[in-house]
Amino acid sequence: MRVLGIETSCDETGVAIYDTEQGLLAHALHSQVAAHAGYGGVVPELASRDHIRRLLPLCEQVLSEAGLARRDLDAIAYTAGPGLIGALMVGSTFAHGLARALDIPVLGVHHMEAHLLAPMLEPEGPDFPFVALLVSGGHTQLVRVDDIGRYELLGESVDDAAGEAFDKAARMLGLEYPGGPRIAALAQEGTPDRFRFPRPMTNRPGLDFSFSGLKTYTRNTLRDATEAGEADHQLHADVALAFQTAVVETLAIKCRRALEQTGIRTLIVAGGVGANRALRDRLSAMVEPLECRVFYPRPEFCTDNGAMIAFAGHERLRAGQQDGPEMLAWPRWSMTELPGLDAAG
Ligand code: ATP
Ligand code: MG
Ligand code: FE
């Protein structure tokens, strides 16, 4: 089965083709980062308009890279939520229109389920069950995953998501969006141990997170150092390192707790923050003595992309699931509501 995957939930237009036998055949991405730069965040209306412009050319591009024609597609998967409503509607309308024209099944996919399954796109992917750390721009969750559609939420952020915290701290440091990779780069020049930021909510039991306090801590540290006449590039690098270390340590402590609590021996990390090198190194060191393993998507499939949508959709479409005639677009949608693979299509 050959599935065209379409991602338009936020500010990335992603398209890909996944094949049962051959795996990923082609993928293409257009990031709107430049279009939103200068507005201080994603402008929903601009995002929708740009998805409309990009979708058809990107589809033609992946078809041509895969050496396929439209009629070679067996099904279409698109992101049905969660995300920006207008952006979702572009992908949903496009997917349903194309599926209708080709007379093939179409399925709305949950964006976070797609992030969570992305490590399975890799040749040596994880097996169920696993604990998933979802760390993206909008979510920080620990999820017990027994199979596709069998998700138990173990913990989540009570305020900002990890990626959001990176983006906000980056802005205080005068860095542009997306802040995660820019903080990571600046942190490489940082002096270890000049500042020690708190590890929020690690002193009490439980698997929830809180990152908004780190924002305040970052602001105050910058203010105090500036008042002491220390506002220079080195200060910014040292704050970037202290901030990143605090987020990474906090995530590692909770991941370890989740592995111990569930007795599961496999951890996967997905979502944009999963691309962070310091986080990957720390988690690898953390799981080793526990005799557990950790898996990641390749860095380009940590952030939003069409490949993860094609793959997640493929798994469900192959099990016979598909949309009815109604186009789906759900800005808010809980992953634990999803059916298992054995649910009727
Ligand atoms: P969601 O999936 O929750 O709807 P999203 O799709 O906006 O949110 P992603 O595309 O998965 O989120 O990830 C984007 C986030 O990842 C941004 O906050 C960005 O700063 C962060 N990020 C990307 N690369 C890195 C990195 N190397 N280190 C830390 N954070 C990173
Ligand atoms: Mg994005
Ligand atoms: Fe995402």
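**Ligand shell**

I began with the shell around ligand 1, whose residues divide into 7 nonpolar, 13 polar and 3 charged. My classes: Ala, Val, Leu, Ile, Met, Phe, Trp, Tyr, Cys and Pro are nonpolar, Asp, Glu, Lys and Arg are charged, and the others, Gly among them, are polar. The model is predicted, with local features needing pLDDT of at least 70 and side-chain atom pairs pLDDT 80 or more, while totals for chains, interfaces and linings use all residues. Residues are numbered from 1 along each chain as its sequence is written, and chains are lettered from A and ligands numbered from 1 in the order in which they are written.

Which residues come nearest to ligand 1? I found Gly-137, Gly-138, Gly-163, Gly-180 and Gly-272, out of 23 residues around the ligand. "Near" is set by the C-beta atom, placed from the backbone, lying within 6 Å of the molecule.

I then asked which helices supply the shell. α4 (111-117), α5 and α6 each give at least two residues. Helices here are DSSP runs (H or I, at least four residues), strands are E runs of at least two, and both are numbered from the N terminus. Domain 1 and domain 2 each contribute at least three residues to the shell.

**Domains**

The assignment gives domain 1 as 2-117 + 301-337 and domain 2 as 125-296. These bounds come from an automatic or database domain assignment. Their centres, taken over C-alpha atoms, are 28 Å apart. Across the boundary, 10 residues of domain 1 are in contact with 17 residues of domain 2. Contact means C-beta atoms, placed from the backbone, within 7 Å. On the domain 1 side that touches domain 2, α4 provides the largest share, 3 residues. That side divides into 6 nonpolar, 3 polar and 1 charged.

**UniProt record**

UniProt, in an unreviewed entry, lists "domain: Gcp-like" at residues 24-311. The end C-alpha atoms of this span lie 8 Å apart, and the span is 47% helix and 17% strand. The unreviewed entry also places "binding site" at His-111, His-115 and Asp-304. These three are spread over 194 residues of sequence but cluster in space, with a largest C-alpha distance of 8.8 Å. His-111 sits in helix α4. UniProt positions follow the numbering used here, feature names are shortened, and annotations may be inferred rather than shown by experiment.

**Helix pairs**

How do α5 and α6 pack? Helix α5 (residues 162-172) and helix α6 (residues 179-187) meet at about 65°, axes 8 Å apart. I note the axis convention: lines fitted to C-alpha atoms, for helices over the stretch in contact, with angles from 0 to 180 degrees between N-to-C directions. The crossing of α5 past α6 is left-handed. Left-handed means the near helix is turned anticlockwise from the far one by less than a right angle; clockwise is right-handed. From α5, the contact takes in Gly-163, Phe-166, Asp-167, Ala-169, Ala-170 and Arg-171; from α6, Gly-179, Gly-180, Arg-182 and Ile-183. By class I get 4 nonpolar, 3 polar and 3 charged residues.

I repeated this for α8 (residues 233-262) and α9 (residues 277-287), which pack at about 35° with axes 10 Å apart. α8 passes α9 in a right-handed crossing. Gln-244, Val-248, Leu-251, Ala-252, Cys-255 and Arg-256 of α8 meet Ala-278, Leu-279, Arg-282, Leu-283 and Met-286 of α9. This contact holds 8 nonpolar, 1 polar and 2 charged residues.

**Backbone**

Most residues other than glycine have a negative phi, and most peptide bonds are trans. I looked for exceptions. Phe-128 and Pro-129 are joined by a cis peptide bond, omega about -5°. Pro-129 lies in the loop between α4 and β6 (130-135). The bond from Tyr-177 to Pro-178 is cis, with omega near -5°. Pro-178 belongs to the loop between α5 and α6. Asp-103, not a glycine, has a positive phi of about 55°. I place Asp-103 in the loop between α3 (85-102) and β5 (106-110).

Key: Contact = placed C-beta atoms within 7 Å.
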